[in-house]
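Biologist: I'd like a close look at one part of this model and what packs around it. Pick a helix and walk me through its surroundings.

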Amino acid sequence: MTRLSAETLSSLPPTVARPGYDRSTLTAGIVHIGVGGFHRAHQAVALDRLMNAGLAFDWAICGVGLLEPDRRMKQVFDDQDCLYTVVLKHADGRREPQVIGSIVDYLFAPDDPEAVIEKMASPEIRIVSLTITEGGYNFDRVTGEFDQTTPGIVADLRDGALPTTAFGFVTEALRRRRDRGQPAFTVQSCDNIQSNGDMAKRMFTAYARLKDAELGAWIEANVHFPNAMVDRITPVTSAEDIAETAELIGLDDAWPVVCEPFFQWVIEDDFSLGRPPYERVDVQLVHDVEPYEYMKLRLLNSCHQGMCYFGFLGGYRYAHEATADPAISAFLTRYMDNEATPTLRPVPGIDLEAYKLSLIERFSNPEVRDTLARLCAESSDRIPKWLVPVIRDQLASGGEIVCGAAIIASWARYAEGVDEQGEPIDVVDPLRDELMAIAGTQRENPLAFIQNRQLFGDLADDERFTTAYLDALTSLFERGALATVRSYS
């Protein structure tokens, strides 16, 4: 089958949306590090919508890959002129393919680090954005401070070293801009972490001070790091998705993206050199992002954890299968209403009751086929940031914590690495070995998992929490996951 490219765009079926603008007139105003599925279903789509409206032609994206696995993306983008397909999967089975044209270049940093630095340092680049995952911000899990001992950081901090990390590239590009008398670009985190802009500022500034104290001070004083809340469920592209996309568009796309129709992006309006007119494509530009991110992290993200371990242990493999179980949906609703919602500030422009109902509807979309294994992964990066703060707030106020305690118990049971049928579970977590070793002792010491102060602080010292936790863990051991979750509904 013929490959998707600029030359073959005209052969797309008329039902397939495609760039309605002249891509040859675009110039890159954004460098984006970490061009994965989420970025291509989110920021790149917003910019493509603007361009189709005749706007933002000087805000196209130059993608950057830093890691060896990114070499494949470089090859795909070279072959396809940086074009790719986003397929919206509607709950009724309808597919909505659209070819996205807002990415105009892709640089693979290991092949030419200097080209990446100079691209960021060039005056037309006004934003450097990031999707590098929670782990990419390189903070110590215990102290929360920048970890200067990781191998990539150690290498980048050596005098005269060519950078290999996001910290190294961004800092060197900013140094060159300062030395050339050019203003600093904005660094915009698009990662799903609380106060992502504040986190980026602390980590990038810490790295820069280690590299050059004076430069670090300049970055802290001159670089803007807006916070943002991002939301769109974007599963990993499967072989079936690639085959189905080819049927939909009549061309071969080696790496399409599939996602749900829902899209939300709330951005702190704090850019030093301007920004695209995002408000024209339903992006919310606000003064304070925190209420929105608390809403998402404590409702949507924590509910993902609330369904995934119980669901996986109970034999389900997809989010829509788990939420089709009335007991799991009722459990999530109880958690949202009785535990998470009382910890939230008012969220301007959002009907919280409607938002909570929409979450169950989104999780129930059978077409997205979001895997529970994906939601179970990287739990040590998620539970302490999303769910534990809810439990702490509720303990402080005297509120209900039984669902939160049960979610942590379900993670502890999952971390044993064996399901209820005796089959092995592939536990994916940066602390995998440590967590599985601890979980392996909890039949003798039921509090072992939550006595990990690195993740849970002093929760194991709170009698109200431990009572609820032990009730859930004992039920998981004796009755299984589905019977346990049923007892909460």
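Modeller: Let's take helix 16: helix 10, helix 12, helix 15, helix 17 (402-414), helix 19 and helix 20 (463-479) are among what covers its buried residues, with contact meaning heavy atoms within 4.5 Å. This is a predicted model, where local features need pLDDT of at least 70 and side-chain atom pairs 80 or more, while totals for chains, interfaces and linings use all residues. Residues are numbered from 1 along each chain as its sequence is written, and side-chain values use heavy atoms, leaving out hydrogens and water.

The residues under that cover are V388, P389, V390, I391, Q394 and L395, all buried in helix 16 (under 20% relative accessible area, 1.4 Å probe, protein chains only). Just after helix 16, G398 takes a positive phi of about 85°.

Helix 16 also meets a pocket. The second largest pocket has a volume of about 460 Å³, and its 24 lining residues include F139, R141, G144, P384 and K385, which lie nearest its centre. Helix 7 (196-211), helix 15 (379-386), helix 16 (388-397) and helix 19 (453-456) each give two or more residues to that lining. By class, the lining has nine nonpolar, seven polar and eight charged residues. A pocket is an open set of points on a 1 Å grid over the protein atoms alone where a 1.4 Å probe fits, with protein on both sides within 12 Å along at least five of seven lines; lining residues have an atom within 4 Å of a point. The volume is the space filled by probe spheres on those points, joined across faces, edges and corners. Asp, Glu, Lys and Arg count as charged, Ala, Val, Leu, Ile, Met, Phe, Trp, Tyr, Cys and Pro as nonpolar, and the others, Gly among them, as polar.

Now the aromatics: the whole structure has 16 aromatic pairs (Phe, Tyr or six-membered Trp ring centres within 6.5 Å; planes under 30 degrees apart are stacked, over 60 edge-to-face, the rest tilted). F310 and F331 have ring centres 5.4 Å apart and planes at 75°, so they are edge-to-face. Since F310 lies in helix 10 (residues 290-313) and F331 in helix 12 (residues 326-340), the pair ties together parts 21 residues apart in sequence. F310 counts as buried because its relative accessibility is 0%, and F331 counts as buried because its relative accessibility is 0%.

Conventions. Helix = DSSP H or I, 4+ residues; strand = E, 2+ residues; numbered from the N terminus. Buried < 20%, exposed > 50% of the residue type's maximum accessible area, 1.4 Å probe, protein only.
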